[in-house]
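Let's walk through this one together, sheet by sheet and then ring by ring. Keep the viewer open and follow along as we go.

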Amino acid sequence: MGSPVVLGIESSCDETGAGLVQGGRLLGHALASSMDEHARFGGVVPEIAARAHVHALTPVVRRALDDAGLRAADIGAVAVTTGPGLSGALQVGLAGAKGLAYALGVPLYGVHHLAGHVAADTLAHGPLPDPCMVLIVSGGHTSLLLVRDLARDPIVHLGDTIDDAAGECFDKVARVFGLPYPGGPAIDRAARAGDPRAVPFPRPLTSGTHDTRFAFSFSGLKTAAARWAERHRAAGGPLPLADGAASLQEAVADVLTRKAVAACAEHDVRTLVVVGGVAANSRVRSLAEERCTAAGITLRVPPLRLCTDNGAMIAAVGDLLVQAGTAPAPLDVSVDPSAPLEYALLHPVAGAGARRA
């Protein structure tokens, strides 16, 4: 008997995603975003996001099934993001996943959101090599991880952001520059006409101690960019937006790729996987490719549609857990909005005060 079809549900922030994966193969997926509803506030409003998930969840699951040419009865397991993320948004996804799993009589798996980003690459490029280095870059997370068997082994954190994540830096600076939300794509577009060497923005934590060599910090870079924009406006001249955007993007890409390649060298890892929303940034992708080629490292980056939050990546983790023979979640599985990334499986249980893997 072949492996079951796994439905994945993602609702940790402002995107409602559903995907269907079987034996490592993506069968179909669908996505709805409430981003436009948040744009006028300059960031995600949790209550608006949760309400949008309530309206979008059932239609998105139906569209994913239609995309795969399947019926609900074909689903053999359900995987859902149980953390980290916005509490109300996570609750909506988990409630829907529990209802589907119960109605269909299939197992339910709680999945860590960031493990989903790691697994997204398997849908495009096959199983992850053991070991591999993973750079996660998104609006809320920037981490360097040493990954072995994603379904079975603990994930080793080599470094994380100690303040603003890379995507958060893009969002906040874009607002100062007068660019729309979300900031990452807007910075990327504006940077195309700019000179990345025009403004000598700092490269945070690239000359620090041994303890911070793989850590990230983008708060100071954000502040430097904001002060630069303020000085130009105070002088009464036009803001050289393209140069500022290109220089900011270059600083972020330089720090990310420099540390990632150095981590590969130190741990003798020959494959770097770059995932998360900021992995869609054109300069991050091109500089990673340039430096990996020079260092003899294989670079893997998911296609753009799998970089941002989506249900397919959660289904991919669920598929790996099923194939590994992992026990499904208990009936009282709950969300954990601030869950650390230790294992791909995430089983916070109400009242237990402990995480299990």
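Five strands line up as an open sheet in the order β8-β7-β6-β9-β10, with mixed pairing. Strands here are DSSP runs of E of at least two residues, helices are runs of H or I of at least four residues, and both are numbered from the N terminus; two strands pair if DSSP finds at least two bridges between them. At the edges of this sheet you'll find β8 (156-160) and β10 (298-300), each pairing on one side only. From one strand to the next, the twist averages 20 degrees. Further in, β6 (residues 132-137) and β9 (residues 271-275) pair in the parallel sense over four bridges. Ile136 stands opposite Val275 in β9.

A word on what you're looking at: this is a predicted model, where local features need pLDDT of at least 70 and side-chain atom pairs count only at pLDDT 80 or more, while totals for chains, interfaces and linings use all residues. Residues are numbered from 1 along each chain as its sequence is written, and side-chain values use heavy atoms, with hydrogens and water left out.

Now for another sheet. Five strands make up this open one, in the order β3-β2-β1-β4-β5, and the pairing is mixed. β3 (25-33) and β5 (108-112) stand at the edges with a single partner strand each, so one side of each has no neighbour in the sheet. Here the twist averages 20 degrees from one strand to the next. Strands β1 (residues 5-10) and β2 (residues 15-22) run antiparallel and are joined by five bridges. Look for Gly8, which stands opposite Gly19 in β2.

Helices pack on this sheet too. Helix α2 (residues 46-68) touches β1, β2, β3 and β4 (75-83), and its direction makes about 150 degrees with that of β3. Contact means heavy atoms within 4.5 Å, and the angles run from 0 to 180 degrees between N-to-C directions, with axes fitted to C-alpha atoms, for helices over the stretch in contact. Helix α4 (residues 113-120) touches β1, β4 and β5, and its direction makes about 90 degrees with that of β5.

On to the rings. The structure holds three aromatic pairs. Rings of Phe, Tyr and Trp (its six-membered ring) pair if their centres lie within 6.5 Å; planes under 30 degrees apart count as stacked, over 60 as edge-to-face and the rest as tilted. Phe201 and Trp228 pair edge-to-face, 6.0 Å centre to centre with 85 degrees between the planes. This pair links distant parts of the chain, 27 residues apart: Phe201 is in the loop between α7 (183-191) and α8 (219-234), and Trp228 is in helix α8. Phe201 is buried at 6% relative accessible area, and Trp228 is buried at 7% (buried means under 20%, exposed over 50%, partly exposed in between, with a 1.4 Å probe and protein chains only). Together with Phe177, Phe201 and Trp228 form one aromatic cluster.

Phe216 and Phe218 form a stacked pair, 6.3 Å centre to centre with 15 degrees between the planes. Phe216 is buried at 0% relative accessibility, and Phe218 is buried at 0%.

What about Ser217? Ser217 lies in the loop between α7 and α8 and counts as buried at 12% relative accessibility. Its side chain makes a 2.7 Å polar contact with the side chain of Asp163 (a pair of N or O atoms within 3.5 Å; within protein, one must be able to donate a hydrogen and the other to accept it, and residues adjacent in sequence count only if both atoms are side-chain atoms).
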